[in-house]
Number of protein chains: 2
Amino acid sequence: MDETQLIERYFRTLGAQRADVSLGIGDDAALLRVPVDRELVLTTDALVEGAHFMPGASARSLGHRALAVNLSDIAAMGAAPSWMLLSLVMPEVTDGWLAPFCAGLAALAKDHDVALVGGNLARGPLSITVELAGLVPCGRALRRSGAHPGDALYVSGTLGDAAAGRLGADEASGPLLERFEYPTPRVALGQGLLELASACIDVSDGLYVDVRRMLAASNCAGRLDVERLPLSEPLRSAERRLGWPAQHGVRLALTGGEDYELCFCAPPAHERAIFALAASLGERVTCIGDVSEGTGLSVNSSNPELCAALEATGFDHFRR
Amino acid sequence: MDETQLIERYFRTLGAQRADVSLGIGDDAALLRVPVDRELVLTTDALVEGAHFMPGASARSLGHRALAVNLSDIAAMGAAPSWMLLSLVMPEVTDGWLAPFCAGLAALAKDHDVALVGGNLARGPLSITVELAGLVPCGRALRRSGAHPGDALYVSGTLGDAAAGRLGADEASGPLLERFEYPTPRVALGQGLLELASACIDVSDGLYVDVRRMLAASNCAGRLDVERLPLSEPLRSAERRLGWPAQHGVRLALTGGEDYELCFCAPPAHERAIFALAASLGERVTCIGDVSEGTGLSVNSSNPELCAALEATGFDHFRR
């Protein structure tokens, strides 16, 4: 199969069909229409074999994750996703890999009304780069930098599941591995938070590191209550079953990463509206701390060892 | 150096500073303002070690080429480039590579008023993916599909130089290698052609293949006069010096690729204006054939072998 045939078979109609695509795949570039009252939101994230996944990883999961990690960035801005480009480097073309990869990508793209409008295919070591565009009301996007002293700190969903799944905490393919392979970007929640949150970040590198980033961008300090972290029943169950050391589940929740939950700040007056929004979407949201004047993130825990370990924590995705 | 330090040192202020960037590098995504009378143009192209360049390729050249190949796509739409994202996968971080890479990228970005607004760094086999956005007056972009019977067929610059340079036709680092390592995207020419051309494509895979693509998209046939192809003096000189077989320079011009010139169609009435535009920009433009009813591309040449060889030519960038 040559490149043109590949594009026809797998990519030409991948994702949603959108009326704002003037010209999609097949020319030198795509042409898109941005409504007058919207700002354009652009992000890119890549999955590289050896860095983000191991050889033999599920192709369907890779198709899902490649888009999900970008949707999570768009969600953190409070934006609606719209168009994607796909740059795919593959060692060889096999139907057995491309069919499930595209199925995973297409299913999530259709769920979020994202159209594939261009891309690039090349031969080489497997890596998948998605560039995702979104739209947000002008001047209204959520940023990391908007938190104020007095705000409450929230997180969506549960934390640590993906890291536990990646580390093999499930028996066979259980709910934790599912959370690693098929993360759920909180796109509708992010859009709902446009009216309610003061700052937002997506939890990709681990809650502890990502909260510190949001606080630093906002020139604020913060406090995080470890006892309030949302841990799932499958994670607690794995913790018991596998005889993990004390607070290992909590450590994964704080530093495991790849949760793709939203962490956000909001004034106390918005508390009721935030929980109402979450309930309307069937999402879980938990208040896990608060924001104050100053710098740095303190962690409230009855376990002093945990606090000391966190102080020493850095996370560097590039070094990993 | 961790990822944050890398970004601060090399990428934070790379390229032009633009007033339409509401939020650049440093958040979950970038925020950009698209003027009401403009459509958004999006493209992506990647350089992968082993496929598009060999180990040990000049880092400065890679920085230039990674953006130039995308600028050429934007030029082919008649658009003005605006913002880029960079997804860089590197086996290791060394100042000796990153400094010249960023210098090559930054110089071209500033020349074309392109701001780097986001990206991604990961560890792995070297590959460089740029996503480039541009802006074009609504409904006015050049496409491959607009050619009409009776149009003349033009190409910018000279052809075959980059292929000859890649194949080592220069002594040391001469003008042909320069054309391979530092291609010149015809951005201003493309914008000028908005008023004049009926269809346009950039010559990346070789003139013969790319003209066929434009004709196929336009549902037209075409004729290409081999004797009119613009060959540079350095290419003709290399042909004599190296004792190439007959018409080897012409073959490179037809099928060598990586020229990043613009090939376009225009009604005969626009001929004078096209040459005036080219002269005003200091660009060379040559009429190399014409468009007719039907399908396929015929090649006029006094050399029947050349015509037969071309008939058998396919080009598949993915297979290469």
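This is a predicted model: local features need pLDDT of at least 70, side-chain atom pairs count only at pLDDT 80 or more; totals for chains, interfaces and linings use all residues.
**The interface of chain B and chain A**

- Chain A brings 57 residues to the contact, and chain B brings 57 residues as well.
- About 4,900 Å² is buried between the two chains, and carbon and sulfur atoms give 59% of that area.
- Four salt bridges are found across the interface.
- In a salt bridge, the side chain of B:Asp27 meets that of A:Arg144, at 3.7 Å from N to O.
- On the side of chain B that touches chain A, strand β3 (residues 38–48) of chain B gives the most, with nine residues.
- That side of chain B divides into 31 nonpolar, 11 polar and 15 charged residues.

**Helices α2 and α3 of chain B**

- Helix α2 (residues 59–76) of chain B packs with helix α3 (residues 95–111) of chain B at an angle of about 35°, and their axes are 6 Å apart.
- The crossing of α2(B) and α3(B) is right-handed.
- From α2(B), the residues making the contact include B:Leu62, B:Gly63, B:Leu67 and B:Leu71.
- From α3(B), the contact residues include B:Trp97, B:Phe101, B:Gly104 and B:Leu108.
- By type, the residues of this helix contact are 13 nonpolar, three polar and one charged.

Key:
Residues are numbered from 1 along each chain as its sequence is written. Chains are lettered from A and ligands numbered from 1 in the order in which they are written. Side-chain values use heavy atoms; hydrogens and water are left out. Axes are lines fitted to C-alpha atoms, for helices over the stretch in contact, and angles run from 0 to 180 degrees between N-to-C directions. Helices (H or I, at least four residues) and strands (E, at least two) are DSSP runs, numbered from the N terminus. A crossing is left-handed if the near helix is turned anticlockwise from the far one by less than a right angle, and right-handed if clockwise. Contact means heavy atoms within 4.5 Å. Ala, Val, Leu, Ile, Met, Phe, Trp, Tyr, Cys and Pro count as nonpolar, Asp, Glu, Lys and Arg as charged, and the others, Gly among them, as polar. Buried area is the accessible area (1.4 Å probe) that two parts lose on being put together, summed over both.
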